[in-house]
Amino acid sequence: MVPETHNSMKLSIAVVTMNRATQLIEAIQSCIASKLPSDTQFVIIDNASTDATESVIAKFFKDNPYEYYYEKLPNNIGCGNGRNYAYWKSKGDYVYFMDDDAY
């Protein structure tokens with residue numbers, strides 16, 4: 001699989017999630033509190049959540065300046081495959097993988 005051509009960013013933070021909207025926001029907030037570079041991108045791969053993850057993420061990033069990519073998958077592809085997928089969607093020179101409940 002060949003990655004898409006993207007404009008380069010310094011850092012992408014990739015998170016695979018499923019049904020953890022509250023914990024995911026706490027994890028993202030902890031990253032933002034660490035004074036990230038302005039050219040940071042969040043890549044969120046949703047493994048077919050049935051909770052409000054999609055709307056929670058949209059609302060959160062409406063009020064935050066960081067670029068983000070969110071994709072809700074129709075089926076759970078697992079954490080490992082989700083991370084591989086997030087990597088290919090990332091624009092960063094560096095990709096940091098973070099669990100959705102880590103802060």
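Predicted model: local features only at pLDDT ≥ 70, side-chain atom pairs only at ≥ 80, totals over all residues.
**Entry 1: Ser12.** I looked up S12 and found it in strand β1. Its relative accessibility is 0%, so S12 counts as buried. Next I listed what touches S12, leaving aside neighbours within four places in sequence: Q41, V43, S90, K91, G92, Y94, V95 and Y96.

**Entry 2: the fold.** I counted three helices and four strands in the protein chain. Reading along the sequence, I noted the pattern β-α-β-α-β-α-β. The radius of gyration is 13 Å, close to the 13 Å that the globule rule gives for 103 residues, so the chain is as compact as a globular protein of that length. I also saw that, of the contacts with a separation of 6 or more, 83% join residues 24 or more positions apart. Of the 103 residues, 38% count as buried.

**Entry 3: the cores.** I then turned to the largest nonpolar core, which has 17 residues. Among those with the most contacts inside it are I13, I28, F42 and F61. Two or more residues each come from β1 (9-17), α1 (21-33), β2 (40-46) and α2 (53-62). The largest share, five residues, is from α1. Another core, of six residues, lies apart from the largest one, and V16, V43, I45 and L73 are among its members.

Notes
Residues numbered from 1 in each chain as written. Heavy atoms only, no water. Core = buried A, V, L, I, M, F, W, Y, C linked by side-chain atoms within 4.5 Å. Buried < 20%, exposed > 50% of the residue type's maximum accessible area, 1.4 Å probe, protein only. Contact = heavy atoms within 4.5 Å. Rg over C-alpha atoms; globule rule 2.2 N^0.38 Å.
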